[in-house]
Structure formats: structure tokens, C-alpha cells
Amino acid sequence: QVQLVESGGGLVQAGGSLRLSCTASGSIFSIRTMGWYRQAPGKQRDVVAVITREGVTNYADSVKGRFTISRDNGKNTVYLQMNSLKPEDTAVYYCNADVSLSVQAGYYVYWGQGTQVTVSS
């Protein structure tokens, strides 16, 4: 019913930049919060940044000042601009979205399949 597809991951040197995109598609009535999470090998999945439909943002302390989350509500797309990347940013990055399928339906969280970001030192 709802698919989230991420793109933009890859290999970059420390200090470099990447921009991730995630587009939600399907029978979507409304999207509330959208967000980016990451999971490094052997570690739990942690929040990176989230953004509300109104554009209010929140960031993990480890990425403040380096990453910027934004969204295009008309395109159901969320972005993550990552600058000054560090080797410790290496992880699989997942997007999620809080989606309602109709005016009567509640909101449910959907996840993308993940995109690998690798930062070399």
C-alpha cells in the first residue's frame, strides 16, 4: 500500500557530503512526521533527524550543525543533506514516515529498505 524508497547513499571520504532522498508512494492521504534513522553494524537503530509536516525539525546531538533535514510535502519526499561526514557516520540509513491512508484511518509508521552510507578516513 505504501512504499518508501531511499536513494543517494554511497562511499565518500571524511569531510565530504552526501544528500539522501526518500519518497513515499501509494494510497497516501496524509503524512505527519518523516524521519531518518541509521544503524551501524552490531548497533541498534538510532534516530538521526525528524521533521514534522509543518517543518519543525529535531536532530541527534551527534549530527547537529552538520546534517539538515528537509521535506517537500507536495512530493511526499524527505531529504537529508549530510556535510562534514565522519567515519562514525557510516551506517545503513533508513527513512520512515507516519502515514494515514484515509480521513478515517489512523496513522501508521512505514519504513524504507535502507541505503548504505560509508565514510572512509
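Okay, let's start with Arg 53: at 35% relative accessibility, this residue counts as partly exposed. Keep in mind throughout that what we're looking at is a predicted model. Glu 54 itself is exposed, with a relative accessible area of 63%.

Let me walk you through a couple more of them.

Next up, Asp 61 and Lys 64. Their side chains meet in a salt bridge, at 3.1 Å from N to O. On the accessibility side, Asp 61 is exposed at 66%, while Lys 64 comes out as partly exposed, with 49%. The cut-off for exposed is over 50%, so Lys 64 stays in the middle class.

Now for a pair in another setting. Asp 89 and Arg 38 form a salt bridge through their side chains, with 2.9 Å between N and O. Asp 89 sits in the loop between strand S8 (77-82) and strand S9 (91-100), and Arg 38 is in strand S4 (residues 30-39), so the bridge ties together parts that are 51 residues apart in sequence. Are these two buried or exposed? Asp 89 is buried, at 1% relative accessibility, and Arg 38 is buried too, at 14%.

Let's move over to Ser 17. You'll find Ser 17 in the loop between strand S2 (10-13) and strand S3 (18-26), and at 40% relative accessibility this serine is partly exposed. What does Ser 17 touch, once we leave aside its neighbours within four places in sequence? The list is Val 12, Gln 81, Met 82, Asn 83, Ser 84 and Leu 85. With Asn 83 there's also a polar contact, 2.9 Å between the side chains.

Ser 84, from that contact list, deserves a stop of its own. Ser 84 is in the loop between S8 and S9, and its phi is near 50 degrees, a positive value in a residue that isn't glycine. Why point that out? Because most residues other than glycine have a negative phi. Ser 84 is partly exposed, by the way, at 41% relative accessibility.

Asn 76 is another one to look at: not a glycine, yet with a positive phi of about 50 degrees. Asn 76 lies in the loop between strand S7 (67-72) and S8. With a relative accessible area of 23%, Asn 76 goes down as partly exposed.

Last stop, Asp 98, which is in strand S9. Asp 98 is buried, with a relative accessible area of 14%. Not counting residues up to four places away in sequence, Asp 98 touches Ser 30, Ile 31, Arg 32, Thr 33, Tyr 107, Tyr 108 and Val 109. And where is Val 109 relative to Ser 17? The two are 92 residues apart along the chain, and their C-alpha atoms are separated by 28 Å.

That's my tour, and I'm happy to go back to any of these on the screen.

Methods. Residues are numbered from 1 along each chain as its sequence is written. This is a predicted model: local features need pLDDT of at least 70, side-chain atom pairs count only at pLDDT 80 or more; totals for chains, interfaces and linings use all residues. Side-chain values use heavy atoms; hydrogens and water are left out. A salt bridge is a side-chain nitrogen of Lys or Arg within 4 Å of a carboxyl oxygen of Asp or Glu. Helices (H or I, at least four residues) and strands (E, at least two) are DSSP runs, numbered from the N terminus. Buried means under 20% relative accessible area, exposed over 50%, partly exposed in between (1.4 Å probe, protein chains only). Contact means heavy atoms within 4.5 Å. A polar contact is a pair of N or O atoms within 3.5 Å; within protein, one must be able to donate a hydrogen and the other to accept it, and residues adjacent in sequence count only if both atoms are side-chain atoms.
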